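Please keep the sequence and the model in view while reading.

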Amino acid sequence: MGLIATVACSDSQVSLPPAVRAVVDVGGEPSLWRSLGDDPWDVFVCHVPVDTRSLVFAGLPLRTPLRPETLAALLDDRVGRYFDTLSHGAYRPRFAAGGEVAIAATDEPQACVDMALAATSGQAHGVIAIADAEHGDGQPGGFGNPGGACTAQPCLASTTRRSVYVGAADFGAQWGDQPPLDLVEHEIGHALGWPHSGYDASEREPNLSAIDLMSNSAAPRDVHPDRRDGPDTVAINRLAAGWLPASAVAVVPPSGATVELSPSSGTSGIRVAVVELDDHRFISVELLAADGFNDHLPASGIAVHLIEGDDATRTQTPLVGLPPFNDLLEPGETFTSNGWTVAVTAGWRATIQPVGDAPTVSD
């Protein structure tokens with residue numbers, strides 16, 4: 001059996017594998033300007049004509065009365081608190097009223113974003129356009145764009161074209177003064193540079209995972225109808241955003257190791273173990289605690305993801321179980337994938353070893 005994995009306390013002493021550095025661009029430009037410190041956003045209402053020809057709106061006639069000032073106050077309070085908690089204070093999105101725009105009958109939703117970017121203030125790092133029309137059944141609820149590289153501060157949206165767009169479904173009268181904001185939080189995740197997780201484009205509802213904001217963001221509401229925020233996010237996103245120090249990562253050597261994991265949403269201890277498969281693929285192993293934004297999970301447990309790609313594009317695939325992937329590894333359980341075995345024992349110790357070297361596990 002491998003030794004308890006030890007990681008130096010100083011990030012400067014931690015050597016992350018090339019595959020991890022390539023995927024998350026740890027500490028690199030241009031990613032961290034998006035995810036650290038204050039992040040000002042301008043909020044726009046986008047008016048969609050009733051005679052729109054866009055299939056996205058499916059001819060639905062309802063138009064929701066929305067005001068940018070009201071939306072900005074709502075997002076500033078609740079989305080701001082969500083990301084403040086998620087990042088442990090490292091990231092602070094701030095929302096201000098940007099104004100109103102109106103698209104033509106021949107326009108698609110991207111025109112809402114383009115007009116908002118043209119009208120944005122000189123301070124915003126991103127724009128969020130919220131349409132007053134709902135999307136048709138089966139249409140995506142929105143989209144987010146991290147924008148281009150920032151070569152000179154300040155990183156203004158008018159230059160980078162960083163943006164978020166959502167339809168009106170989550171802001172209708174049926175929600176009263178407590179609309180769900182998980183979709184907005186999901187799209188801001190894209191604007192931070194995070195990819196989808198547990199995504200299968202061949203499915204009618206392609207976001208299959210309940211264990212990451214960047215998949216089914218409404219998963220907590222499926223369990224607790226009064227929930228309005230999305231779930232937590234996986235450790236690799238925190239690492240890419242600069243919210244998780246390299247000292248919190250256990251790098252498993254080729255011979256394997258035993259790692260005592262702390263919750264990946266916490267502030268101390270080893271919060272993720274990584275196994276490099278090649279220059280563009282690695283496995284992440286983390287403990288998800290069934291509390292906080294993850295209180296919809298049946299129980300705490302260990303999640304395993306396959307991460308592949310580079311700093312421009314990456315995929316994050318949950319490996320344990322079947323959709324919604326919330327049947328996590330418990331003490332006494334063993335899981336094998338991609339030539340490696342993860343065996344869990346009491347105290348959330350994960351023995352991670354090449355196939356053939358894995359020990360027998362008991363509770």
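A residue is called buried when its relative accessible area is under 20%, exposed when that area is over 50%, and partly exposed in between, as found with a 1.4 Å probe on protein chains only. The model is a predicted one, in which local features need a pLDDT of at least 70 and side-chain atom pairs count only at pLDDT 80 or more, while totals for chains, interfaces and linings use all residues. Residues are numbered from 1 along each chain as its sequence is written, and side-chain values rest on heavy atoms, with hydrogens and water left out.

A disulfide is a covalent bond between the sulfur atoms of two cysteines; here the term is applied to a pair of cysteine sulfur atoms within 2.5 Å. When the bonded cysteines of the protein chain are numbered in sequence order, the pairing reads 1-2, 3-4.

One of these bonds joins cysteine 46 to cysteine 112, with the sulfur atoms 2.0 Å apart. It links distant parts of the chain, since cysteine 46 lies in strand E1 (residues 37-47) and cysteine 112 in helix H4 (residues 110-119), 66 residues apart. Helices (H or I, at least four residues) and strands (E, at least two) are DSSP runs, numbered from the N terminus. The torsion about the S-S bond of cysteine 46 and cysteine 112 is about -65 degrees, and the disulfide is therefore left-handed. Cysteine 46 has a relative accessible area of 0%, so this residue is buried. Cysteine 112 likewise counts as buried, because its relative accessibility is 0%.

The other disulfide is formed by cysteine 150 and cysteine 155, whose sulfur atoms are 1.9 Å apart. This link is left-handed, with -85 degrees about the S-S bond. Cysteine 150 is buried at a relative accessible area of 8%, and cysteine 155 is buried at 1%.

Attention may now turn to a sheet. Four strands, in the order E7-E14-E13-E12, make up an open sheet with antiparallel pairing; two strands pair if DSSP finds at least two bridges between them. Strand E7 (257-260) and strand E12 (334-337) stand at the edges with a single partner strand each, so one side of each has no neighbour in the sheet. Within the pairing, E7 and strand E14 (residues 349-354) are joined in the antiparallel sense over 4 bridges. Valine 259 stands opposite alanine 350 in E14.
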